[in-house]
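I opened this notebook to follow charged side chains through one protein and to jot down what I looked up. Here is the structure I had on screen.

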Amino acid sequence: MIAVVIGGGTMGAGVAHLLLAGGHDVVLVEAGADRASAARRAVEASLAKAAERGRLDAVPHELLRRLTVVERLDTQVGRGAALVVEAVPENLELKRRVLGEAATACPDAVLASNTSSLSISALAEGLPGERVLGMHFFNPVPVQQLVELVHHAGVAADVVARVRGWAEELGKTVIEVRDAPGFATSRLGVAVGMEAIRMLEEGVASAEDIDTGMRLGYGWPMGPLRLTDLVGLDVRLAIAEHLAAELGPRFEPPALLRAKVAAGHLGRKTGQGFFTW
């Protein structure tokens with residue numbers, strides 16, 4: 001299969017890694033020469049790390065022969081693609097634009113969005129909706145087992161079945177969710193995350209103790225504050241604002257989260273969030 005991944009950041013590079021390791025040819029799209037080069041390096045580094053840890057059956061440089069990095073998606077590079085995964089920032093208009101370009105450049109491909117909270121129905125407006133769905137991966141993509149498939153009323157049943165099959169062939173466990181604000185995972189994860197931030201804000205306990213309580217008391221592999229650092233405080237803020245607008249004030253972001261984002265403390269990617277990285 002030829003797969004196109006649009007967006008070469010953390011999630012896009014992870015999806016590209018996963019598809020390459022699964023035996024597929026990958027076209028990775030990232031605008032600008034510098035960002036395209038950085039995207040290639042991110043995939044290379046991810047594959048190298050997996051090989052070092054014994055999580056990769058192939059030699060990284062052999063997999064990289066099936067990776068093509070381009071600055072723009074057009075019919076020449078998109079022809080023959082069976083799957084497009086967009087992994088650009090959580091902005092509805094941006095995602096609609098890149099999916100629209102992909103619909104033209106890849107006329108036979110399933111159009112999948114890696115959004116963690118935006119409406120799939122809204123993303124599909126003006127597009128061939130029968131081949132649009134949500135394909136929500138989790139960070140780090142090569143390691144995390146879950147894929148959340150989100151379908152709207154207009155998607156074709158065979159498209160959902162095809163994508164489910166691809167995800168399972170890649171070793172993922174799939175859950176299917178109706179298109180609703182926050183789907184299943186983001187809605188629950190953000191609810192806990194926002195309450196953990198409020199507890200920290202109110203001085204109920206330290207960040208470390210809140211996270212330890214959830215890890216040892218409830219069996220979470222990672223506490224909600226460290227997870228927020230990993231996802232990115234700016235990403236969590238955007239999702240919480242969207243959910244607050246759709247579902248009400250119970251998702252209203254705490255002042256502490258807004259202050260940290262305003263200060264540029266975005267989590268692991270900046271070296272400082274609720275923890276120092």
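I started with Arg258 and Glu241, whose side chains meet in a salt bridge at 2.7 Å, N to O. The rule I used for a salt bridge is a side-chain nitrogen of Lys or Arg within 4 Å of a carboxyl oxygen of Asp or Glu. Arg258 lies in helix H12 (residues 255-262) and Glu241 in helix H11 (residues 233-247), so this pair ties together parts that are 17 residues apart in sequence. I took helices (H or I, at least four residues) and strands (E, at least two) as DSSP runs, numbered from the N terminus.

A note on the source: this is a predicted model, where local features need pLDDT of at least 70 and side-chain atom pairs count only at pLDDT 80 or more, while totals for chains, interfaces and linings use all residues. Residues are numbered from 1 along each chain as its sequence is written, and side-chain values use heavy atoms, with hydrogens and water left out.

Next I checked how covered the pair is. Buried means under 20% relative accessible area, exposed means over 50%, and partly exposed is in between (1.4 Å probe, protein chains only). Arg258 has 33% relative accessibility and so counts as partly exposed. Glu241 is partly exposed too, with a relative accessible area of 35%.

Then I turned to helix H7. Arg164 and Glu168 both lie there, four residues apart, about one turn of the helix. Their closest N and O atoms are 3.1 Å apart, and they form a salt bridge. Arg164 counts as partly exposed because its relative accessibility is 27%; for Glu168 the value is 40%, so Glu168 is partly exposed as well.

Are Lys95 and Glu86 buried or exposed? I found both of them buried. Their side chains meet in a salt bridge of 2.8 Å, N to O. I also noted that Glu86, Glu90 and Lys95 are linked in a network of salt bridges. By the rule above, the count comes to 14 salt bridges.

Lys172 was my next stop. Lys172 sits in the loop between helix H7 (157-169) and strand E8 (173-178). Lys172 is buried yet has no salt bridge, and Glu168, the nearest side chain of opposite charge, is 13 Å away. For that entry, Lys and Arg count as positive and Asp and Glu as negative; His and the chain ends are not counted.

What lies 2.6 Å from a polar atom of the side chain of Lys172? I found the backbone oxygen of Val141 there. The backbone oxygen of Gln144 is 2.5 Å from a polar atom of the Lys172 side chain.

A cis peptide bond joins Asn139 and Pro140, with omega about 0°. Pro140 is placed in the loop between strand E6 (132-136) and strand E7 (146-151). Phe183 is not a glycine, yet its phi is positive, near 55°. I found Phe183 in the loop between E8 and helix H8 (185-201).

My last entry is about Arg53, found in the loop between helix H2 (33-52) and helix H3 (60-64). Its relative accessibility is 55%, so Arg53 counts as exposed.

Conventions. Polar contact = N/O pair within 3.5 Å; in protein donor to acceptor, adjacent residues only side chain to side chain.
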